[in-house]
Amino acid sequence: MRIAAVEPFIVHLPVTGNAIADSTHQVTHWGVVGTRIVTQDGLVGYGFTGTHAHLASDRLITACIADAYAPLLIGEDATERSRLWTKLARHPALQWVGRAGITHLALAAVDVALWDLAAKTAGLPLWALLGGRRTERLEAYNTDIGWLSYDLDTMLGLVRGAVEKDGFTRIKVKVGHENPLADIRRLEAVRAAVGPEVRIAIDANGRWDLPTCLRFVHAARDLDIFWFEEPMWYDDVASHAALARASSIPVALGEQLYTLDAFRTFIDAGALSYVQPDVTRLAGITEYIQVADLALAHRLPVVPHAGEMSQVHVHLSYWHPASTILEYIPWIKDHFEEPAAVEAGIFRLPQQPGASTTLKAASMEAFGKALR
Ligand SMILES: [Mg+2]
């Protein structure tokens, strides 16, 4: 299982409806930026991080993989994931320039590729390699119906379709208008459309400040909001802790946290109730498991953020005991050999060996970008 080649790639895949927006981001394509790791006996592992398909920054990630990590990986035993993770993450020169950010996203891709290789070598889907499933039914919640760029009628049509036709009982709606009362009006319409049983989470993508959030949660107190995701600036521990103390709506966050230490800081401060790690922002599956174990030790539910559109998290959520539900965004699934699929609101259990990260060759060909 010696590593013979490290082959980075950049693929830009179009999102649903050509363009979407939340309060902070606008995207037309999702960047699948990562690497193939090829062993001497010809096995290929795929790992990637998720980006906004911004080619200049995507090339920083693949340059880190090609120029900094590949020389540290070639000739190594691919089964020694823990040692290789430490070798890359704690390399003195690399840790000097980045314990988060570009180097961390690049390490995420490498680590996921090594886990994909391990599962393929074992002939098992990742969830089975990790220890089997904790549940028969992993429930999905649908984020793709609630973008801030949708006008109210469009959103309500999509919400009704998701609930009445597709069988979702959980949805997430983006918020973050300059005047939060605009979001209250949209949420009142959604609640009226779906009735009292459907769980509605909301997500402000870090847009608001504490006074705005306090006004918002007061106005939203009768809407039975399931969680309030990323209400404020991603790194602001104190404000999230203050909001968590002041509101009955649980705070959810983690998609912008790079490290185990960052999660520990938020959890220690009592600043979140739903823990949202992401293998594409943490340094891969190795660090994700550390964060999920931390959440378990605090009896907090884990609800991953789908930076890889749930291709990998479906395995982790079927397995890890702190997992509860999982985000569903169907943008890129058709480009994988085994897509993350939802039927009647339940994720299909992956069957193929690996971490469900193998891209279709035709998609890599059609949507691939030059690395330099
Ligand atoms: Mg979010």
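Trainee: How far apart do the C-alpha centres of domain 1 and domain 2 lie?

Mentor: They lie 24 Å apart. This is a predicted model, where local features need pLDDT of at least 70, side-chain atom pairs count only at pLDDT 80 or more, and totals for chains, interfaces and linings use all residues. Residues are numbered from 1 along each chain as its sequence is written.

Trainee: And which residues make up domain 1 and domain 2?

Mentor: Domain 1 is 3-123 + 360-367, and domain 2 is 128-347; such bounds come from an automatic or database domain assignment.

Trainee: How many residues does the contact take from each domain?

Mentor: Domain 1 gives 32 residues and domain 2 gives 31 residues. Two residues are in contact if their C-beta atoms, placed from the backbone, lie within 7 Å.

Trainee: What gives the most on the side of domain 1 that touches domain 2?

Mentor: That is α4, with 10 residues. α4 spans 102-122; helices are DSSP runs (H or I, at least four residues), numbered from the N terminus.

Trainee: Switching to helix packing, at what angle do α4 and α11 pack?

Mentor: About 95°, with the axes 6 Å apart, α11 being residues 284-297. Axes are lines fitted to C-alpha atoms, for helices over the stretch in contact, and angles run from 0 to 180 degrees between N-to-C directions. So α4 is roughly perpendicular to α11, a label for angles of 65 to 115 degrees.

Trainee: Which residues make that contact?

Mentor: From α4, Leu107, Ala108, Asp111, Val112 and Trp115; from α11, Gly284, Ile285 and Thr286.

How values were computed. Helices (H or I, at least four residues) and strands (E, at least two) are DSSP runs, numbered from the N terminus. Angles under 35 degrees count as roughly parallel, over 145 as roughly antiparallel, 65 to 115 as roughly perpendicular and the rest as oblique.
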